[in-house]
Amino acid sequence: MTRRRMSALILACLLVLMTGCANHNTAKESGTETESNTKTNINAEENTPTANTPGADSGSPVTIKIANYAVLEKGYEEFWQNVKEGYEAKYPNITVEWVTAPYGEILNQVINMAGGGDKVDCVFGEDIWIPSLVEAGLAAPMDQVLDSDFLNDYYPDALAAHSMDGTVYAVPLYLTPPVLFYNKELFKEAGLDPEKPPKSYDEMMVMAETLSQLKSSDGNKVYAFGFPTGSVIVVGSYLQGLIKNFGGEILDADGKLDVKNAGFVDAFKFLQELDEKGYNPQNAKAKDLRNLFALGQLAMYYDKTGGINGVTSINPAAADFTATACPLAGGGGTGETVSQSHCFIAIDNGQEKKEAVKNFIQYVITPEVMEDYMTNIAPAYPAKKAMEHMEGVNNSAFLAGARDTVNHLSPSLMFPTVADFNLELCALAQAVTMGDEEVQTAAADFEKSVQPLLP
């Protein structure tokens, strides 16, 4: 055999070997990528993108617009800036662009932008926004966005509270039910035991008689018990909760409006009595009550657990005198209330952006990102099993007093016109307080007003 033929044969063998190795490596890489793509990303450490998926270092640049009113609010902006920086560091080709507006305007802004052809990719908001975004055709079913294992890690009741017609349209970051805030220093001043808050409305009204005689350090009137009745959509959710406190319902078992059941009537009679005795500031919004509480002019009131951030932003010293207790029981009720939360609502703007939104949500809702926030910034209770062992949350003295509240939650009403329905609930509360109307008369007028709004 000539040297030239021998060389050619050796070269051919080498080529065959190289081709076989290349094919083997390609198959191996393909298998690894498939495994990575199907693996559930439950926490921040596991949210590592693969080379060929959106969000990878080598992927094409993607910008996702996230509507978030909280980045404008004192006390929250630093957290959300850190979220943006942490997520963008993990997914270098993804840029988060905040779409911002004040709390009372952001929902309409998102819907109006979409009407003009400019849809955001995700909304950070409240569970009561879900019906409006579903009705506008914007909210995407979450099982089409998030990994199944991530969704399955939620407590079933938490997902049920973010569903319409059996479809989950949002996922909560945490649970922030309305609980009783009370001022331990005012309790002491009134001769009440700050370690024994009221458990029922009857007990509270006895305490309120004494607390209402106090003056603040500035000589101002102390209101005994604050309940919001101002015309804000979320106040309607508080009123839904009050009706639950008294064992009442708004819709009967057949889904029909029922304004004559005892719990419904008792809730508004209670508001009327509060007003007649001067215990409750008239027509107040949650932020008004926070301000009065922070300044020592309000002894007790209902607020979401995260409301402590607003209180301490006004008066840092309020952290020392604030304690919490479960919602009170009235009439035939047991203190049950409605679920409330901050949540993410995704909007489908195509696979590339949907993938980036999925990774954003699954990056944020992890113990690593959320524990300090839920402990020190806006205290809240976990909505997922993966977050139930967070030490800071479990050891929080502020959260401890009302911890059992999460075991007595019902979903808020969810239908397309619930925002307007909630405002009508506010109008009913104002009619029996500022308007001095009889509860039965005002309830009958309410019934006529909301019939066109019901599903």
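Student: Let's begin with salt bridges. How many salt bridges does the count come to?

Tutor: Here is the general idea: side chains of opposite charge can pair when their charged atoms come close. Please keep in mind that this is a predicted model. In it, the count comes to 11 salt bridges.

Student: Which side chain meets E126 in a salt bridge?

Tutor: The partner of E126 is K304, with 2.4 Å from N to O. Now look at where the two sit: E126 belongs to strand β3 (residues 122-126) and K304 to strand β9 (residues 298-304), so this pair ties together parts that are 178 residues apart in sequence.

Student: Are E126 and K304 buried or exposed?

Tutor: Both E126 and K304 are buried. To read that word, remember that buried means under 20% relative accessible area.

Student: Which residue forms a salt bridge with D147?

Tutor: That is K358, and the closest N and O atoms of D147 and K358 are 3.5 Å apart. D147 is found in the loop between α4 (130-135) and α5 (148-152), while K358 is in helix α14 (residues 351-364), so the two tie together parts that are 211 residues apart in sequence. D147 has a relative accessible area of 14%, so it is buried. K358 is buried as well, with a value of 8%.

Student: Which residues are linked with D147 in a network of salt bridges?

Tutor: The network links D147, E355 and K358.

Student: How should I read the pair K244 and E249?

Tutor: Begin with the distance: the closest N and O atoms of this salt bridge are 3.0 Å apart. K244 has 15% relative accessibility, so it counts as buried. E249 has 37%, so it counts as partly exposed.

Student: What about the backbone of D436: what is its phi?

Tutor: D436 has a positive phi of about 55°, although it is not a glycine. Another residue to look at is D165, where phi is near 50°, again a positive value in a residue other than glycine. You will find D165 in the loop between β4 (163-164) and β5 (167-168).

Student: Is D165 buried or exposed?

Tutor: D165 has a relative accessible area of 81%, so it is exposed.

Student: One last feature, please. How many aromatic pairs does a search of the whole structure find?

Tutor: The search finds 34 aromatic pairs. When you read such a pair, look at the distance between the ring centres and the angle between the planes. F150 and Y154 form one of these pairs, with 6.0 Å centre to centre and 80° between the planes. Planes over 60 degrees apart count as edge-to-face, and the F150 and Y154 pair is edge-to-face.

Student: Are F150 and Y154 buried or exposed?

Tutor: F150 has 0% relative accessibility, so it counts as buried. Y154, at 2%, counts as buried too.

Notes: Residues are numbered from 1 along each chain as its sequence is written. This is a predicted model: local features need pLDDT of at least 70, side-chain atom pairs count only at pLDDT 80 or more; totals for chains, interfaces and linings use all residues. Side-chain values use heavy atoms; hydrogens and water are left out. A salt bridge is a side-chain nitrogen of Lys or Arg within 4 Å of a carboxyl oxygen of Asp or Glu. Helices (H or I, at least four residues) and strands (E, at least two) are DSSP runs, numbered from the N terminus. Buried means under 20% relative accessible area, exposed over 50%, partly exposed in between (1.4 Å probe, protein chains only). Rings of Phe, Tyr and Trp (its six-membered ring) pair if their centres lie within 6.5 Å; planes under 30 degrees apart count as stacked, over 60 as edge-to-face and the rest as tilted.
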